[in-house]
Amino acid sequence: MTPTNSPKILFIDDEPLYAKAYGDSLTAQGYQVTTAKNGEDALEKMIKSNFDILIVDLIMPIMSGISFLKKVHRKKIPTIVFTTLEGETDREDAIKYGAKVFLKKGETSTDQLAETVAKLLNS
Amino acid sequence: MSLFNDPNQSRILWHDLKTFPSAATICLETILKNVYGEISPQLQTLIEDLRCTAITQTIQLENLSIIQKSTLQTLALTDIRRTIKTDLDSALNYLSPLLKSKQISTTIDLPPNQTMNGDARYSTTILQNILYIIIASAGQTSAFNISSKSNQIIFTITNLDPEITPLIINLNKTTEDLLYTDTGPIDTQLKLAWFSNELLNQKLNQLLAYTITDTTLTLLYDTH
């Protein structure tokens with residue numbers, strides 16, 4: 001059972017397999033993980049709860065990762081962009097809207113993601 | 001008009017094609033870490049094999065997408081001098097779960113500033129492909145060494161069969177280079193070699209070692 005005072009992560013990805021695998025792995029490491037399937041879903045979840053870390057995919061239907069970041073960057077929540085794309089424009093936009101770390105989905109192990117989350121929380 | 005001719009649609013299409021095998025790799029890794037409960041040794045072996053297949057497919061799709069984009073000149077390949085170790089670290093990092101599952105110890109004896117030319121993304125993908133082939137072919141608890149000698153990088157696995165027949169692919173750097181292209185076509189032979197399933201499934205061959213100089217790519221295969 002995850003303690004209710006453990007850090008809260010919002011994992012935003014339209015691919016349910018990624019959300020499940022990475023999300024369950026982070027939960028097993030003691031975090032409280034909420035998943036959202038696109039930017040709009042994520043905004044609704046943020047109304048109901050505060051989060052300590054955002055993990056955001058860029059390409060999603062309805063509301064993309066960049067559009068979502070534009071709306072929330074003023075909250076200054078540490079953000080990991082977690083994507084398979086490497087376009088320079090995506091990277092520049094994401095940095096502009098508050099992304100601290102870029103990780104490549106699929107190539108980042110669950111341990112590496114957990115390590116990155118821990119570092120961001122401690123910084 | 002083909003979907004692949006439109007750069008934006010092509011980008012999305014490749015992204016969609018890579019999603020399942022990439023996501024499957026992580027799901028299977030999570031299962032192997034017993035996040036959903038302990039699994040039996042037989043199931044562990046099966047899931048490990050599935051994960052290897054998913055990694056192979058992801059790498060092959062990445063290769064295909066880079067080759068397709070650079071052939072259509074929609075991908076600008078940059079030619080800069082970089083340290084080899086940076087690309088190797090990146091490729092090995094991706095394959096570290098596989099190294100760990102086979103208990104393969106890796107040593108790297110490279111001067112930290114040894115450099116090579118090429119596009120970072122392309123060379124990392126090629127290295128991932130090569131390293132994957134080597135690691136997938138290796139037995140349990142092999143030792144894997146990456147070293148250099150003048151202009152060569154040498155990848156070796158222990159327990160080499162002494163009766164190997166070298167397979168040499170010569171690539172003239174001034175025309176069709178392994179690691180970068182001036183937006184020209186990539187060597188067809190190399191293209192076929194690197195993403196053909198036949199290479200990976202070829203029962204006679206296991207890639208045991210690989211060397212690259214400025215002009216020559218040498219692959220050593222066990223043909224027995």
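**Figure 1. B:Leu64 within helix 2 of chain B.** B:Leu64 belongs to helix 2 (residues 41-71) of chain B, where helices (H or I, at least four residues) and strands (E, at least two) are DSSP runs numbered from the N terminus. The model is predicted, so that local features need pLDDT of at least 70 and side-chain atom pairs count only at pLDDT 80 or more, whereas totals for chains, interfaces and linings use all residues. Residues are numbered from 1 along each chain as its sequence is written, chains are lettered from A and ligands numbered from 1 in the order in which they are written, and side-chain values use heavy atoms, with hydrogens and water left out. B:Leu64 has a relative accessible area of 30% and is therefore partly exposed; here buried means under 20% relative accessible area, exposed over 50%, and partly exposed in between, with a 1.4 Å probe and protein chains only. From C-alpha to C-alpha, B:Leu64 and B:Trp14 are 9.1 Å apart in space, although 50 residues separate them in sequence.

**Figure 2. Chain B, with its 6 helices and 8 strands.** Along the sequence, the elements of chain B follow the pattern α-α-β-α-β-β-α-β-β-β-α-α-β-β. Of the 224 residues in chain B, 47% are buried. Taking a contact as heavy atoms within 4.5 Å, and considering contacts in chain B between residues at least 6 apart in sequence, 73% join residues at least 24 apart.

**Figure 3. Aromatic rings around A:Phe82, part of a cluster linked by ring pairs.** Over all chains, the structure holds 4 aromatic pairs; rings of Phe, Tyr and Trp (its six-membered ring) pair if their centres lie within 6.5 Å, and planes under 30 degrees apart count as stacked, over 60 as edge-to-face and the rest as tilted. One of these is the edge-to-face pair of A:Phe11 and A:Phe82, with 6.0 Å from centre to centre and 90 degrees between the planes. This pair links distant parts of the chain, since A:Phe11 lies in strand 1 (residues 8-12) and A:Phe82 in strand 4 (residues 79-83) of chain A, 71 residues apart. A:Phe11 is buried, with a relative accessible area of 1%, and A:Phe82 is buried with a relative accessible area of 1%. A:Tyr22 and A:Phe82 form an edge-to-face pair, with 4.7 Å between the centres and 70 degrees between the planes. That pair also links distant parts of the chain, with A:Tyr22 in helix 1 (residues 16-28) and A:Phe82 in strand 4 of chain A, 60 residues apart. A:Tyr22 has a relative accessibility of 1% and so counts as buried. Through ring pairs, A:Phe11, A:Tyr18, A:Tyr22 and A:Phe82 are linked into a cluster.

**Figure 4. The open, parallel sheet of chain A.** The 5 strands of this sheet have the order 2-1-3-4-5 and pair in parallel, two strands being counted as paired if DSSP finds at least two bridges between them. Strand 2 (32-36) and strand 5 (99-104) of chain A stand at the edges with a single partner strand each, so one side of each is left without a neighbour in the sheet. On average, and with direction ignored, neighbouring strands of this sheet are turned by 20 degrees against each other. Strand 4 and strand 5 of chain A run parallel and are joined by 5 bridges. A:Thr83 stands opposite A:Lys104, which lies in strand 5 of chain A. Helix 2 (residues 39-48) of chain A lies across strand 1, strand 2 and strand 3 (53-56) of that chain, and runs at about 140 degrees to strand 2; axes are lines fitted to C-alpha atoms, for helices over the stretch in contact, and angles run from 0 to 180 degrees between N-to-C directions.

**Figure 5. The crossing of helix 1 and helix 5 (residues 110-122) of chain A.** The two axes come within 10 Å and cross at roughly 60 degrees. Helix 1 of chain A is therefore oblique to helix 5 of chain A, given that angles under 35 degrees count as roughly parallel, over 145 as roughly antiparallel, 65 to 115 as roughly perpendicular and the rest as oblique. A:Tyr22, A:Ser25 and A:Leu26 in helix 1 of chain A meet A:Thr110, A:Leu113, A:Ala114 and A:Val117 in helix 5 of chain A.
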